[in-house]
Amino acid sequence: MSSWMIREDQLDPDQRDFINIESKKEGNIWIKGFAGSGKSVLLLHKLREVLQKEPEANVCIIVFTHSLIAMFEAGIKELNIKQKVPVMTYFQFRKALYDKTYIYWFDYIFCDEVQDLPGEMLALMKSWGKRVIVAGDANQSIYDKAPGLDYPVVKWGEIEPLLSARPFNLNIIHRLTKSVIGLVEKLLPEMNIWRAKRDLTKQDVNVRLAKADNLTQEIKYVYQEALKAVNVGDSVVILFPHRKLITEFANEVLSQNSIEKWNESNDKYGKVDYEQLNEHLDKHNIRLHYIGNGVGSLIEASDAQKIILMTYHSSKGLDFDNVFLPMLDEGNMWFPSDKYNEEKLKTLFMVAMTRSKKNLYLSYIYNLNPLLSNLSDSCRSIYISEILTPETSLSSNPFDFDF
């Protein structure tokens with residue numbers, strides 16, 4: 001997986017204050033900050049400092065998704081942390097406690113994406129950790145109930161009292177370009193994201209908004225542009241609101257390469273077996289790789305220069321050089337209306353957009369979804385039919401592009 005850690009000497013003033021001053025005080029801490037402010041990075045730097053001073057400390061990291069486990073494990077490796085540090089989802093942590101896998105308190109518990117956990121989990125962390133350090137952003141809360149548990153997600157005002165934690169604010173956005181920040185402001189003006197400081201050394205890149213005449217054309221364009229990026233070593237993800245669209249996208253790429261489509265089958269738990277999708281793609285040398293719910297590998301995708309397929313939900317907490325958000329059509333009902341209201345949909349789309357470190361591509365057919373209509377004048381418009389040539393090969397390795 002491409003490096004996402006920054007050295008300690010590269011931390012911004014707020015982050016250095018946390019490491020050198022705030023985190024040395026007693027008590028639990030809650031790190032706040034917009035997407036791209038370095039919350040996860042800070043957790044890992046604090047973890048390294050703890051284990052340098054207390055090499056025998058009993059520590060663990062609790063994260064939101066299986067994908068985040070891979071990211072934290074890669075960060076542990078990059079920071080040359082030698083101790084064995086268990087990294088698990090909140091669901092795994094809860095199960096381990098009730099199965100009595102752990103019988104001793106943790107000296108330190110680190111947790112990311114705390115805004116999506118049920119209050120019960122925060123109480124468990126406080127009970128089992130002598131010291132708890134969490135990170136989260138209220139603006140990225142997309143659930144009413146925690147996935148896998150029938151418990152309400154913690155309300156933002158409950159985090160501090162449940163953990164007896166004092167807040168620490170990060171005020172500089174490092175990941176996002178100026179153009180992406182501008183889109184977030186238009187989509188969710190109540191976030192007031194402009195109040196945060198921006199890393200002025202970050203080069204801005206126009207967000208591309210591509211319109212296609214049909215789905216075949218759109219998918220051909222997305223896959224072609226994604227290939228260009230991975231061929232020069234960039235990390236690339238194509239994000240979808242739900243997994244059915246992932247199957248549709250992958251099968252269209254297969255079809256355009258004259259390869260048999262993948263037929264969905266269920267695993268032993270009765271769920272669609274996406275491991276088989278990855279095997280089918282590998283068998284036919286299609287450089288797509290599904291990651292989610294414990295399937296797939298960020299490291300494998302990076303090493304093999306593959307394009308990652310994920311849902312918006314699974315991408316939470318991650319970042320990539322290039323992010324593609326296809327199928328943003330007017331007629332595309334992203335989610336059942338009884339599960340996601342308009343505000344939740346906008347928040348979910350904001351989470352997806354803010355995974356981008358460099359390039360962001362939006363694409364649709366005919367008419368853009370009305371929820372996103374006010375974003376179009378802030379993007380560089382592209383008409384796919386004008387730039388996509390019939391002889392373009394989806395399995396080629398073109399390098400003639402301009403990022």
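Reader: Is Lys-357 buried or exposed?

Author: Buried means under 20% relative accessible area, exposed means over 50%, and partly exposed lies in between (1.4 Å probe, protein chains only). Lys-357 has a relative accessibility of 17%, so the residue counts as buried.

Reader: What kind of model is this, and what is left out of the side-chain values?

Author: This is a predicted model, in which local features need pLDDT of at least 70 and side-chain atom pairs count only at pLDDT 80 or more, while totals for chains, interfaces and linings use all residues. Residues are numbered from 1 along each chain as its sequence is written, and side-chain values use heavy atoms, leaving out hydrogens and water.

Reader: How many salt bridges does the structure hold?

Author: Side chains of opposite charge can pair when their charged atoms come close. A salt bridge is counted when a side-chain nitrogen of Lys or Arg lies within 4 Å of a carboxyl oxygen of Asp or Glu. The number of salt bridges in the structure is 21.

Reader: How many residues apart in sequence are Asp-321 and Lys-357, and which strands hold them?

Author: The side chains of Asp-321 and Lys-357 meet in a salt bridge, at 3.7 Å from N to O. Helices (H or I, at least four residues) and strands (E, at least two) are DSSP runs, numbered from the N terminus. Asp-321 lies in strand β13 and Lys-357 in strand β14, so the pair ties together parts whose separation in sequence is 36 residues.

Reader: Where does Asp-319, a salt-bridge partner of Lys-357, lie in the chain?

Author: Lys-357 forms a salt bridge with Asp-319, with 3.8 Å between the closest N and O atoms. The pair links distant parts of the chain, 38 residues apart: Lys-357 is in strand β14 (residues 356-365), and Asp-319 is in the loop between β12 (307-311) and β13 (320-325).

Reader: Is Asp-321 buried or exposed?

Author: The accessibility of Asp-321 decides the matter. Because its relative accessibility is 14%, Asp-321 counts as buried.

Reader: How many residues of α12 are buried, and which elements are included in what covers them?

Author: Helix α12 (residues 342-353) has 12 residues, of which 10 are buried, so the helix is largely enclosed by the rest of the structure. Among the buried residues are Leu-345, Leu-348, Phe-349 and Met-350. Contact means heavy atoms within 4.5 Å. What covers the buried residues includes α7 (178-187), β10 (236-240), β13 and β14.

Reader: What is the distance between the end C-alpha atoms of α12?

Author: The expected span of a helix is 1.5 Å times one less than its number of residues. For the 12 residues of α12 this should give 16 Å, and the value agrees because the end C-alpha atoms are apart by 16 Å.

Reader: How is α7 oriented relative to α12?

Author: Axes are lines fitted to C-alpha atoms, for helices over the stretch in contact, and angles run from 0 to 180 degrees between N-to-C directions. Angles under 35 degrees count as roughly parallel, over 145 as roughly antiparallel, 65 to 115 as roughly perpendicular and the rest as oblique. The axes of α7 and α12 are 10 Å apart, and the two helices pack at an angle of about 175°. Relative to α12, α7 is therefore roughly antiparallel.

Reader: Which residues of α7 and α12 meet?

Author: The contact draws on both helices. On the α12 side are Lys-346, Phe-349, Met-350 and Met-353; facing them in α7 are Val-180, Leu-183, Val-184 and Leu-187.

Reader: In which handed crossing does α4 pass α5?

Author: Helix α4 (residues 90-98) and helix α5 (residues 119-128) pack at about 55°, with their axes 11 Å apart. That angle makes α4 oblique to α5. A crossing is left-handed if the near helix is turned anticlockwise from the far one by less than a right angle, and right-handed if clockwise. The crossing of α4 past α5 is left-handed.

Reader: Which residues of α2 and α3 make their contact?

Author: The axes of helix α2 (residues 39-53) and helix α3 (residues 66-78) come within 10 Å and cross at roughly 45°. This makes α2 oblique to α3. α2 passes α3 in a right-handed crossing. The contact is made by Ser-40, Leu-43, Leu-44 and Leu-47 of α2 and, in α3, by Met-71, Phe-72, Gly-75 and Ile-76.

Reader: Is Met-327 buried or exposed?

Author: Most residues other than glycine have a negative phi, and most peptide bonds are trans. Met-327 is not a glycine, yet its phi is positive, at about 60°. Met-327 is found in the loop between β13 and α12. At 3% relative accessibility, Met-327 counts as buried.
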